[in-house]
Each structure stands twice: as structure tokens, then as C-alpha cells.
Amino acid sequence: MAETATHTADHSTEHGHETSTGLTNNKLAMWLFLGSECLLFGGLISTYMLYRGRVSSGPHPSRIFDIPFTSVSSFVLLMSSLTMVLAVSSAQRGDDRRTNLWLTVTALLGATFIGGQVYEFTTFIREGLGFSTSLFGSSFYTLTGFHGVHVSVGVIMLLSTMGIIRKGKITGNKAEVVELIGLYWHFVDIVWIIIFTLVYLIPS
Amino acid sequence: MAIIERPGTETTPAVVTPQQTLGAVKRPVETKGWREWLFTVDHKKIGIMYGVVAMAFFIVGGVEALLIRLQLAAPNGHILSADKYNQMFTMHATTMIFLFAMPMAGAFANYFLPLQIGARDVAFPRINALSLWLLVVGGIVLNASWFLGGAADGGWFMYAPNSGPVFSPSHGVDFWVLGLQVAGIASLLGSINLIVTVLNMRAPGMSLMKMPVFTWMILVVQFLLVFSLPVITVALVLLMLQRSYGATFFDVSQGADPLLWQHLFWIFGHPEVYVLILPSFGIISEVLPTFSRKPLFGYPFVVFSGASIGLVGFGVWAHHMFASGLGPVSVAVFSIATMAIAIPTGVKIFNWLLTMWGGKLWYTTAMKFAIGLVILFTIGGLSGVTHSVAPSDTQQTDTYYIVAHFHYVLFGGMVFGLFSGFYYWWPKVFGKMLNEKLGSWNFWLMVIGMNMTFGPMHILGLQGQPRRMYIWTKARGGEGLFNFGFWNMVASIGSFILAIGVLFFLINVVKTARSGKTAPLDPWDARTLEWLTTSPPKPHNFDRIPVVHHLDEFFHRKYEEDSAANTMRKIADGEELVRAEEAAADANIHLPAPSYWPIVLATGVGILGLGIIYGVPIMVVGFAVVLFASFGWVLEPSVAEDIDFAPASNDGNTKEIAPLG
């Protein structure tokens, strides 16, 4: 909710107000929100690290992880950060056509990643790792699921912003809205780098 | 409320043309009646509503406390069953902490923070309204459990695995988890909002070190919340997933670690206790100088000790877990860190004492409560230091000694600070003075009641009365006059004296509303910017955004240094200053317009939460409402467009200073 709220709530940028810090209210709020999110993922990652070796029943992580597959989907997600940067830079130049194009590509890449995650989850469940199977199962699905939800919310925000820009109904500074979604998007990507390293690459 | 203010005119709200949003819903335009309150985004109205909600829950939590004391007053109490007793103390603590203390501090913060920094509203007025309504929804969800199969019964820290599905099969814990989750979102949004407000919207000239101490303490608290709430969110999510969806996080038979919950909870829970106390520290740091007629002694020390309490507060959580077998290294580290917190706290106490030293003390009710805080909090702080010593703590864990300690710091500290704030700021908010005579009754009954209730608990605890004991037998009562039974009776009588003290406050409020005398603009000869406007303040707060040159700006506008006599000479009074501001009022002030979406969105979140307990169809409805409200929100400009870019008036007096979202 905070993410849908913060990026449009402030009206100030259109007026060219000076704030005490020089940062706009929206951007400061987004940074604070992301700071808070660090602790959220910190808690989830700690829980996973505590429980990753605790497999009372069901498959062990090393048996089910398909690292080449996940590497490809991770690459897709990281590339979406690049397209996001292109979208922000187009928005700052006031190029609506390119902004829309890059937002679409970013959303598609994000959706591809989510598709990969859905495929991965169904494969794991077929191989016997249910949500309740073991502590590893519960903490794995919770951590990666939370990240997946964040990506999905990002995709929804990207698509909504595109629709709103196209209809000319945006209520704030267009470039700033895109930039704020970009901040969120990069944050979610960075979190994935950490998750990918800790969950998949470091053997438990 | 959207208004256009011009010099010399009274505050007549301009009619706002309804505006289409999502093609279907029009903006609310009411300026009167209940709708005005329900859809308002004015930080002052939201602040008052926070206060009303918090006070209502204070009464609920207080009644729960009285029932607990009735049960324990005499041997073989039969007021409550064991099960109901567990629910009672759990909900007493949960209600007092999450639904009274935090919202009441939120009430003060919401109302006075923009006024103290010379702003016209908070940074995100609609998010502010959303925080309030989410809190209300969270409170309702929490308390609905009483009527839907029993409340949560695991204590306020709800240790897992005890709170898991095996040991707590009723829905009580589910309601508790969801209620807190919703209230947590409210606090998180509120804290981001207030931090941005303080950092970004200060009046020209107000550097961080010219901010009032109350604003500083609220800022520290919001940082604590931003970084501690996500951790409790994780804990609550894990517990919810285990209870509702079969996850195994706290299932010891699967090899789960029973300390996981404790760590996650206290990483949030310990910063939380500073979240509770620091606003009151801020309030009395305003009250003591005003009624000592001296500037606060060592302003930077008070500020930095507050900030360092907040910082170190993140590194001491495991002192709640000394009895859990953490190992000697952890225990030593957390023990020493905990003792270290006494240093900045002590610095504050001495600053307050030195503020009063040599001052012309004016014993108003606000001042009495502030002095009460200094004394009672110090007592609680000292028993706190005894807990930081791990071997001593091992003896005290889970006894009434702990109960005594945290009631001294929370009731004697936090609540007294809040009451001090009521008496100090009442004339500002409502334009009327609370009755000082009733206030005196209020204060003394609360002091006597509080010491009678919680003082004996030190003795009871050291005699070994366990914290959650629901009944005691006559044989347990012991022999002699000053025995176990005697002190329990004293505590119970004390709790009713305390309740009568609070009742005097409520009587005072009603009496003041009916027939209180109108307050002068500056009844206390106050020091900070919130007094540089009418009482109650106009919707736009300040006629002219003040330019700040001093710490205690308002005081320095009233007084001038007389270096010959080495004293301060009065050069203006509050009335004159406010009149001067009115004469030079800004034109074309635009304020954010009211909105339906905060309350709709909050309701949606509540429904979504209930869906987790009552099944997917309800969840789908909740999700639909949330989605609808989010899009409505995003597509609605926060300032109604027809009054947005009001044309500059001819006198060139147009200023846009406070950026509003």
C-alpha cells in the first residue's frame, strides 16, 4: 500500500517548492520505506539462514535446486533493472513514447521472472517439497514468495503507471513517479541478488 | 479542508466543486458534521481523533486491569476463570501499548509536530488519515476476538511455540496477529510521514538544533519505528503462516528453534519501549522549562541523549531473554549494553533537575505531572538497572518485581508525561483551560494510587509471586501483618484509587467542555512556535509562515535580553504577536482537500485480514476494496484542482511555503 500511496501523494514537485533537505517529500519517503524493507527482508533472510539445513523430511536443497535455470531467471530480473533505468531516463527527457516502451519491457521481464518462479515452485512441489514438509520448505517458500510478491506489486505498479500516463491522468510529476518506481524496482533486484547468493549458491 | 485564506478575512471555507475521480466517485466536500471528521486530512482533526480513540482504549485497558486486581485482591479469587484471566492480562498489555500509548503519543505528534516546526500540515495528509483509520480497524479486529470465541491468551509478547496452533487452538491469537499487523502498517506509514515532515517541512531558519525537544524526540521515535516494525511484521507473518497455512517455523517436533520468535519479537519489542517513553520525555522537556521560567538546561545534551537512547535501544533486546540460556558471552554483552543505556537516561534526568534548579517554579497541574514523571521514572529506572545485572535478573524474571518495574516506567513515566501534555496543551487545542483544582485531585489521586498499586509489587515479586499467577490460596498468603495477602490487597485498593484519579480527569474534560473559561492565547508564557497562532489554531495553522532565528522562537519574540540588568525584558505579549501575524497574513494558502480513500482503504485492509481467518471469499472482497481504493487514491490529486493554483493576489503577497502532498 505504501508504495502505491507514496509515489503520487505529494503534489509539491509541480509547484517547485523548496524542502528543507532539497529532496522531495516523495523521494525521502520512498528511501525511508526501502530502509524499512531492508529490515523486513533481513528478518526473513535470517529465518531462512537459521533453518536452511533443517530438513526433517522431504528433499534436501542440494537435490532440488536447478541452478542453471534460476541463474537465467535471475539474469532476466537483473536486465529489467537496465530497462528500468532507460525508462527513467526517457521520462526525465519527457519522451512519453520511449518511457512507455521501456516500462513495458521492464514489466515483461519482471513477469518472466515471476513465471520462472511459478514454474520452479510447481517443480519443487512435484518433487516432494511442500510448504509444510520441513523447516527448510517453509522458510524457502516464505522468503522467495515474499520477494515474488514484491516483484508482482512492482509489475502492477509499472503497468498501472503506464496506463495512467497514456490516459494523461497522472497526478504528480511524471518523471518523479517513474523514478520512484525505479528505486523500488532496483531495491527488489538487489534483494534478489542477496537471496540468490545465500539460498542457491552457498551450499548448506 | 480546502480553503482560500486572504488577509483580514475570517476562516470561511470556500465551497469546493466536487470533482470526478475514477469517473464515478466525487470528492467529499462537507465542512460540517461527522462527514467532515471521517474524510478529513487535517492533521489537527486527525490528532484529536487519535486522542479520542486512544482514550477510549485507555478506559478499556484500565477496566481489564481492574478486573485483574479484583481477581488477585483476596485468596481464591473467583471473578475470572484461569482462561479468562490469561486473556485479560494479554489484552490489557496489548491494548495499553498498541492502542493507548502509541496512538496517544501519535495524537500529540500529529497535532503539535507541524505546529512546532511552523508547517501547515504533515507531508502526506491522506496517508496520515490512512494511519488513523488503520489503527481503528486494527483495534476493532483485536477486540472483536472477545465476542468471537475468546481473546488471545499468550501474554503481550505471545511467545511461540506456546502461541502456535497446538497450544493456542482458539482464534484469539489469529485476531491478535492480524490486529497488530494492521496497527503496525498504520504506525509504519505514520512514522515515514512524520520523518519526512520534520526533515523537509521546517519553517525557514529552523535548523535541526533549533527544533523543540518534543519534535526531536518524536523524530527519534519515528526512526525507531521505521526500523523495528518490519521485524515484528516478519514475526507476525511467520506465526500467521504457521497458524493458518501449516508452516512449521515454530514446530519444535520438526526441529524448530524456540528462540526464533523471542529474538524477532524483542528486536522490535525493546526499541518499542523507547517508542513509548520518548514522547513523554519530549513533552516534559517542553513543560519543565515553561513552568520553571528558564530555558531547558543543556538542550544539545537532552537531544543527543534522546538520540543515543534510541540508537543503543536497538542493541539490547536480548536482556529480555537472560533466562533462556543464551550463553555467557551474549549475556555479558547485552548486560553491559543495557547498563550503558542508564547513562543517557541519567543525563536527561539531571538536565531536567538543573532546568528546575534556581527557576521560579509554577506548580500547575502540567508541572506537577512533569515532576511526577521525573521522580517515578527514576524509581522505575533504578529497578531497571537491577534487571540489567544478569544474575539478579535471573531471580526476578517472571515475577511481580518485573511488573512493578515496567509499570513505574510506563505509568509513572509515560502516562504521567501524557497527562502533563493534556494539561499543558489543552488550551491550545480546545481554547479552554482545564480546571486546575480538579487537576490537582487528578494528579494526587494518580500519584497515591500508582504508588499503592505498583510499589507493593516490588515486595511481592521479591517474595516470589509469579507474574501470571491467576489465583492464590490462603495458605500462600503467609503469616504476620505485612504478608503476601496484605500487599496484594493494598495493590488492589491502589488500583481503584488510580482509577478514581483518571475519572477526575474525565470529569474535568466534561466540565471544561461545558463551562470552562476561555483560555488566553498564551496562558503559560510558553516558548515554542505552536503558541504563535490562535487557540484552537486555524485550519492553515499560521497566517504567515514564521521565520525562525532562535531555539524557543516564540519566547525570543516576547523577550529581549537586557544585558545591563543581566535579565530578560518583556517586549511583547502573545496576543500582540498573534495579531501582528494576522495583519500580515499570506494570501492564497492552499490546503489538501478531504478524501474518501483513506477510510475506504483501511476498511479494505481490515476485510482482507479477516479473510485470513474466515476464508478466501472474504479475502477476495477485501482485496477488491483495497485495489479499488488504491486506484481511486492514485488518480485523485491531493489538492482539489479548482483551488490548486490560486492566482496571485494583487499585493504580491502570495507565498507558497509549506509543500503539501
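F75(A) is located in helix α5 of chain A, where helices (H or I, at least four residues) and strands (E, at least two) are DSSP runs numbered from the N terminus. The model is a predicted one, in which local features need pLDDT of at least 70, side-chain atom pairs count only at pLDDT 80 or more, and totals for chains, interfaces and linings use all residues. Residues are numbered from 1 along each chain as its sequence is written, chains are lettered from A and ligands numbered from 1 in the order in which they are written, and side-chain values use heavy atoms, with hydrogens and water left out.

Together with L78(A), M79(A), L82(A), L86(A) and I193(A), F75(A) forms a nonpolar patch on the surface, and the accessible area of these residues together is about 500 Å². Patches are made of residues with over 30% relative accessible area and no salt bridge, like charges being joined within 9 Å and nonpolar side chains (Val, Leu, Ile, Met, Phe, Trp, Tyr) within 5 Å. Accessible areas come from the Shrake-Rupley method with a 1.4 Å probe, and for residues only the protein chains shown count as cover. Helix α5 of chain A, which covers residues 67–92, supplies the largest share of the nonpolar patch, with 5 residues.

I67(A) is also found in helix α5 of chain A. Because its relative accessibility is 32%, I67(A) counts as partly exposed; buried means under 20% relative accessible area, exposed over 50%, and partly exposed in between (1.4 Å probe, protein chains only). Apart from neighbours within four places in sequence, I67(A) is in contact with Y200(A) and L201(A), contact meaning heavy atoms within 4.5 Å. Between I67(A) and R93(A), 26 residues apart in sequence, the C-alpha to C-alpha distance is 39 Å.

Chain B contains 18 helices and 4 strands. The radius of gyration of chain B is 25 Å, which agrees with the value near 26 Å that a compact globule of 661 residues would have. This radius is taken over C-alpha atoms, and the globule rule is 2.2 Å times the number of residues to the power 0.38. The C-alpha trace of chain B spans about 85 × 70 × 50 Å along its principal axes. Of the 661 residues in chain B, 62% count as buried. The accessible surface of chain B is about 23,700 Å², and carbon and sulfur atoms account for 70% of this area. Among contacts in chain B with a separation of 6 or more, 82% are between residues 24 or more positions apart.

Helix α4 of chain B, residues 125–144, includes S131(B). α4(B) has 20 residues and reaches 29 Å from its first C-alpha to its last, close to the expected 28 Å at 1.5 Å a residue; the expected span is 1.5 Å times one less than the number of residues. The helix α4(B) is mostly covered, with 18 of its 20 residues buried. S131(B) counts as buried because its relative accessibility is 0%. Residues up to four places away in sequence aside, S131(B) touches Y50(B), A186(B), L189(B) and G190(B).

H319(B) lies in the loop between α8 (299–312) and α9 (328–356) of chain B. With a relative accessible area of 13%, H319(B) is buried. Not counting residues up to four places away in sequence, H319(B) touches H270(B), F334(B), T338(B) and D393(B). The C-alpha atoms of H319(B) and T528(B) are separated by 38 Å, the two residues being 209 residues apart along the chain.

Side chains of opposite charge can pair when their charged atoms come close. Over all chains, the structure holds 20 salt bridges, a salt bridge being a side-chain nitrogen of Lys or Arg within 4 Å of a carboxyl oxygen of Asp or Glu. One of them joins E582(B) and K538(B), whose closest N and O atoms are 3.0 Å apart. E582(B) lies in helix α16 (residues 574–583) of chain B and K538(B) in the loop between α14 (484–515) and α15 (553–558) of chain B, so the pair ties together parts that are 44 residues apart in sequence. E582(B) is partly exposed at a relative accessible area of 29%, whereas K538(B) is buried at 13%.

R557(B) and E553(B) also meet in a salt bridge, at 2.8 Å from N to O. These two residues are 4 residues apart in helix α15 of chain B, so about one helical turn separates R557(B) and E553(B). E553(B) is buried, with a relative accessible area of 4%. The side chain of R557(B) meets that of E581(B) in a salt bridge as well (3.4 Å, N to O). This pair links distant parts of the chain, 24 residues apart, with E581(B) in helix α16 and R557(B) in helix α15 of chain B. E581(B) counts as buried at 6% relative accessibility. Through salt bridges that share partners, R544(B), E553(B), R557(B) and E581(B) are joined into one network.
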